[in-house]
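Here is a short briefing on one protein chain. Look at the sequence and the model first, then read the points below.

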Amino acid sequence: MLIDQPRIDGFAEVTGDHQWIHVDLERAKNSPFGSTIAHGYLTLALCNLFLPQLISVQNVSMGVNYGADRVRFPAPVPAGSRVRGSGEILACTDVPGGVQSTIRVTVEIEGSAKPACVVDELSRWIE
């Protein structure tokens, strides 16, 4: 997925986070990153896009986001970067009415040694 400036600007508009490092192209050119960067929470929000592409759960009536145990942003995502999500199932636990999964979703940046985001997502799968 391409993380372009319109996506970053749209996220800024929705969240009210207009910090210059995200939206001021001229000022950001002189930052340590050399360009604007995506919001960390934009990168985190993309995990909800990637998750259903990574896992399919059968024989449940619905899945709900139950939260996150751990979130880290090891590297910034410069505007114009391409990212992708990968996942690893860490745990599945019986809970009343269904199962809770812990899935580590990693958002990788094309050409970067460090990921943009690593989150242990908790989902409840209701029978």
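The points below cover a helix, a recorded domain and the cysteines.

This is a predicted model, in which local features need pLDDT of at least 70, side-chain atom pairs count only at pLDDT 80 or more, and totals for chains, interfaces and linings use all residues. Residues are numbered from 1 along each chain as its sequence is written, and side-chain values use heavy atoms, leaving out hydrogens and water.

**Helix α1**
- Helix α1 spans residues 5-15; helices are DSSP runs of H or I, at least four residues long, and strands are runs of E, at least two, numbered from the N terminus.
- Gln5, Ile8, Phe11 and Ala12 are buried (under 20% relative accessible area with a 1.4 Å probe, protein chains only; exposed is over 50%, partly exposed in between).
- These buried residues fall within an arc of 125° seen down the axis, so they line one face of α1; the arc is that of the directions from the helix axis to the C-beta atoms.
- Pro6, Glu13 and Val14 are exposed on the other side.
- The buried residues of α1 pack against β1, α2, α3 and α4 (contact means heavy atoms within 4.5 Å).
- Just after α1, Gly16 takes a positive phi of about 80°.

**Recorded domain**
- An unreviewed UniProt entry places "domain: MaoC-like" at residues 7-105; such annotations may be inferred rather than shown by experiment.
- That span is 33% helix and 34% strand.

**Cysteines**
- The whole structure has 0 disulfides (pairs of cysteine sulfur atoms within 2.5 Å).
- The sulfur of Cys47 is 4.4 Å from its closest cysteine sulfur, in Cys117, too far for a bond.
- Cys92 is exposed, with a relative accessible area of 54%.
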